[in-house]
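Biologist: I would like a close look at one part of this model, followed by a connected account of what surrounds it. Please take your time over the packing.

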Amino acid sequence: MFVLSKLIWIFFQPLSLAFLFGLIGLIAATLRRRRLGLVSAGISVAILFVSLYTSLGSVLIEQLEDRFPRPAADPTALTCMIVLGGGFATEVTTGRGGYDLNAAGDRFVEALRLANKYPQSRIVISGGDGTIAGNLEGDALIAERMFLSFGIDKKRLFEDRTSRTTYENAVNTKPILADNGLGDCLLITSGFHMPRAMGIFRKLDIPVTPWPVDYRSGGHETLGLDLTQPSLNTELLGIALREWIGLVGYYATGRTAALYPGP
């Protein structure tokens, strides 16, 4: 299932689809299938235009981010938090060490902030190597390096170093919580990822409080042309589509009880 999901996404992300339809169009033109070639080329251009020059990605990702609003204030007390992996540039850290953050690094910055504010809290870090090759450091290992360098006591850390997917995050976290008497933790992950994560944790009867971070939209997005940031538009659309596809796939396979989990 893990490898299949990776392969599906390789071929179904917007730029890959645009390339595939463009390739089909080129082959059709070579074979003198003019109508098929024109249709395929048109679809390819349409996908590229929507991906590069519209705000569709921002609109879709904002819907995901707004699904679980973040509480207006920090909790009065905090016993534990669960941080889902995905916030480190693992290709860089594997080769160079350290703890280089990627665009989702706010997950670990926020966890560090809360860990310092609530010194009695425990931190469960869930994240292994999510690549097909499986030859990179996982986020749990890198996070330990980061937290220790900022003075967090190792005794406060509980690590799941094997998870490759959000479902595995939840499955592997559950016994860690039970074995250490931890419950009602904050669940820290990106806002766009929170609906899928909450759906899985609920399905497995793991009570958590959503604590979304790493927002990618401004909170007031509208659909329209956006010629100013084509690379960012494409990135946001890819992230949003991956989550929406994940929501459908997890619901279809019974890993969540709701198609679009909400508060």
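How are α6 and α7 oriented to each other: roughly parallel, roughly antiparallel, roughly perpendicular or oblique?

Modeller: This is a predicted model, and the account below should be read with that in mind. Helix α6 covers residues 106-117 and helix α7 covers residues 139-149, and their axes, which come within 11 Å, cross at roughly 45°. An angle under 35 degrees would count as roughly parallel and one of 65 to 115 as roughly perpendicular, and α6 and α7 are therefore oblique to each other. Their crossing is right-handed. On the α6 side the residues that meet the partner helix are Phe 108, Ala 111 and Leu 112, and on the α7 side they are Asp 139, Ala 143, Met 146 and Phe 147. By class, this contact of α6 with α7 has six nonpolar residues, no polar ones and one charged.

Helix α4 (residues 56-65) packs against helix α10 (residues 230-252) at an angle of about 45°, with the two axes 8 Å apart. That angle makes α4 oblique to α10, but the crossing of α4 and α10 is left-handed. From α4 the contact draws on Leu 56, Gly 57, Ser 58, Leu 60, Ile 61, Gln 63 and Leu 64, while α10 supplies Leu 236, Leu 237, Ile 239, Ala 240, Leu 241, Glu 243, Trp 244 and Leu 247. The residues in this contact of α4 with α10 divide into 11 nonpolar, three polar and one charged.

Helices α2 (residues 14-30) and α3 (residues 34-53) are arranged in another way, for they pack at an angle of about 160° with their axes 7 Å apart. α2 and α3 are therefore roughly antiparallel to each other, and α2 passes α3 in a left-handed crossing. Among the α2 residues that meet α3 are Leu 17, Phe 21, Ile 24 and Ala 28, and the α3 residues that meet α2 include Ser 40, Ile 43, Ile 47 and Ser 51. The contact of α2 with α3 has 12 nonpolar and six polar residues, with no charged ones.

The strands form an open sheet of five, ordered β3-β2-β1-β4-β5 and paired in parallel. Strands β3 (157-160) and β5 (208-213) stand at the edges with a single partner strand each, so one side of each has no neighbour in the sheet. From one strand to the next the twist averages 20°. At the β3 end, strand β2 (residues 122-126) pairs with β3 in the parallel sense over four bridges, and Ile 123 has Leu 157 of β3 as its bridge partner. Towards the other end, helix α9 (residues 194-203) lies across β1 (80-84), β4 (185-190) and β5, and runs at about 145° to β4.

Cys 80 lies in strand β1 and Cys 185 in strand β4, and the pair links distant parts of the chain, 105 residues apart. The count for the model comes to one disulfide.

Technical notes:
Residues numbered from 1 in each chain as written. Predicted model: local features only at pLDDT ≥ 70, side-chain atom pairs only at ≥ 80, totals over all residues. Heavy atoms only, no water. Axes fitted to C-alpha atoms, helices over the stretch in contact; angles between N-to-C directions. Helix = DSSP H or I, 4+ residues; strand = E, 2+ residues; numbered from the N terminus. Parallel < 35°, antiparallel > 145°, perpendicular 65-115°, else oblique. Left-handed = near helix turned anticlockwise from the far one by under 90°. Contact = heavy atoms within 4.5 Å. Nonpolar A, V, L, I, M, F, W, Y, C, P; charged D, E, K, R; others polar. Pairing = 2+ DSSP bridges. Disulfide = S-S within 2.5 Å.
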